Amino acid sequence: MICNLFVFRHAETTDNNNQIFSGWRDPDLTPKGLLQAQEIAQQLEQEKIDYAFTSHLLRAKRTLEIVLKPHLNVPVFIDDRLIERCYGT
């Protein structure tokens, strides 16, 4: 059995655009980020996706939501071990 693992980072956020390390902050995606997520979705559109993993952070969940739009009934597991370190305020 051959398995494929697709790993991608969340798309651009307002913090990324302002050169701020987000850490545990929860910024939203920028318009550019929404386009980036759509590009990933197009690249993976023909792939079979059985499971998806994300953190609870908005940037990660929104990116994954867009990527999974053409895939029906993919179970999504939220695991906060995927969050980067906390950089403080």
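I began with the charges of the protein chain, and I noted that the mean positions of its 10 positive and 12 negative charges lie 3 Å apart, with Lys and Arg counted as positive, Asp and Glu as negative, and His and the chain ends not counted; each charge is placed at NZ of Lys, CZ of Arg, CG of Asp or CD of Glu.

I kept in mind that this is a predicted model, in which local features need pLDDT of at least 70 and side-chain atom pairs count only at pLDDT 80 or more, while totals for chains, interfaces and linings use all residues. Residues are numbered from 1 along each chain as its sequence is written, and side-chain values use heavy atoms, with hydrogens and water left out.

Next I looked up the secondary structure, and I found three helices and two strands in the protein chain (DSSP runs numbered from the N terminus, H or I of at least four residues for helices and E of at least two for strands). Read from the N terminus, the order of the elements is α-α-β-α-β.

I then turned to Glu45, which sits in the loop between α2 (31-44) and β1 (52-54). I recorded Glu45 as partly exposed, because its relative accessible area is 42%, and buried means under 20%, exposed over 50% and partly exposed in between, with a 1.4 Å probe and protein chains only. Leaving aside residues up to four places away in sequence, Glu45 touches Pro70 and His71, where contact means heavy atoms within 4.5 Å. From Glu45 to Lys69 I noted 24 residues in sequence and 8.9 Å in space, C-alpha to C-alpha.

Lastly, I noted that buried residues make up 34% of the 89 residues in the protein chain.
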